[in-house]
Amino acid sequence: MKPHRLGQLCFLTLCVLWAGMAQAAGSWVATAPAVHVVMAERPAMSAALLPPSPELAHGQVMGRVVWQFQPPAGREVNAWLCHPGACIRLPGPRGQTEALAGVPADTPLNFQFSLQERGQRAATLQGLQVIVNHDDLQ
């Protein structure tokens, strides 16, 4: 084989390997519209948070998930990040967790919120966002 041909073959092989590695891990970002929370006893649920395209996370599992939401100034609410099988309690309006590690990365997520106590004034939560880091199913 000519050296020029061998060089092309090596370059092509490296490109294929690099493309495979680029697909092996990644992240997706999703946002949801504001949620109006009016009760302590009944959580309000956000719209589903999904990858922008199903193929992006197909065959992948979640790793670290970063979240944020914006409560009204000086207000606190109970908050959870949920998938169809369970919810995890969120300690504040922004943070990260690995509690969803291993969940299929194309699983829909949503926020749930409730007021902390009865009689508390209703609150509108804005800026709902997740960043889901994902990797190959192993």
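For strand numbers I use DSSP runs of E, at least two residues long, counted from the N terminus (helices would be H or I runs of at least four). I'm working on a predicted model, where local features need pLDDT of at least 70 and side-chain atom pairs need 80 or more, while totals for chains, interfaces and linings use all residues. Numbering starts from 1 along each chain as its sequence is written, and side-chain values use heavy atoms, with hydrogens and water left out.

**Confidence check.** I looked up pLDDT (the predictor's confidence in each residue, 0 to 100). The protein averages 86, and 82% of the residues score at least 70. Residues 4–23 are another story: pLDDT stays under 50 there. For that stretch I find 3 contacts (heavy atoms within 4.5 Å) beyond four places in sequence.

**Strand 5.** Next I went to residues 77–83, which make up strand 5.

**Who pairs with it.** I count two strands as paired if DSSP finds at least two bridges between them. Strand 8 (residues 110–115) runs antiparallel to strand 5, joined to it by 6 bridges. I noted two of the partners in strand 8: Ser114 for Asn78 and Phe113 for Ala79. Strand 6 (residues 86–90) is also antiparallel to strand 5, over 5 bridges, and there Cys82 has Cys87 as its bridge partner. Strands 5 and 6 form a hairpin, with 2 residues between them.

Which order do the strands take? I read 3-8-5-6, an open sheet of 4 strands with antiparallel pairing.

I then checked the largest pocket, which holds about 150 Å³ of space. A pocket here is an open set of points on a 1 Å grid over the protein atoms alone, where a 1.4 Å probe fits, with protein on both sides within 12 Å along at least five of seven lines; lining residues have an atom within 4 Å of a point. Of its 13 lining residues, Glu76, Val77, Pro91, Gly92 and Pro93 are the closest to the centre. Strands 5 and 6 each supply at least two lining residues, and strand 5 gives the most, with 3.

**Strands 4, 7 and 9.** Strand 4 (residues 60–70) pairs antiparallel with strand 9 over 8 bridges. Strand 7 (residues 94–97) also pairs antiparallel with strand 4, over 4 bridges; Gly95 in strand 7 is the bridge partner of Trp67.

**His134.** Last stop: His134, in strand 9 (residues 123–136). It's the bridge partner of Met62. Its relative accessible area is 6%, so I log His134 as buried. Which side chain does the His134 side chain make a polar contact with? That of Gln60, at 3.0 Å. For polar contacts I take N or O pairs within 3.5 Å, one able to donate a hydrogen and the other to accept it within protein; residues adjacent in sequence count only if both atoms are side-chain atoms.

Conventions. Buried < 20%, exposed > 50% of the residue type's maximum accessible area, 1.4 Å probe, protein only. Points joined across faces, edges and corners; volume = space filled by probe spheres on them.
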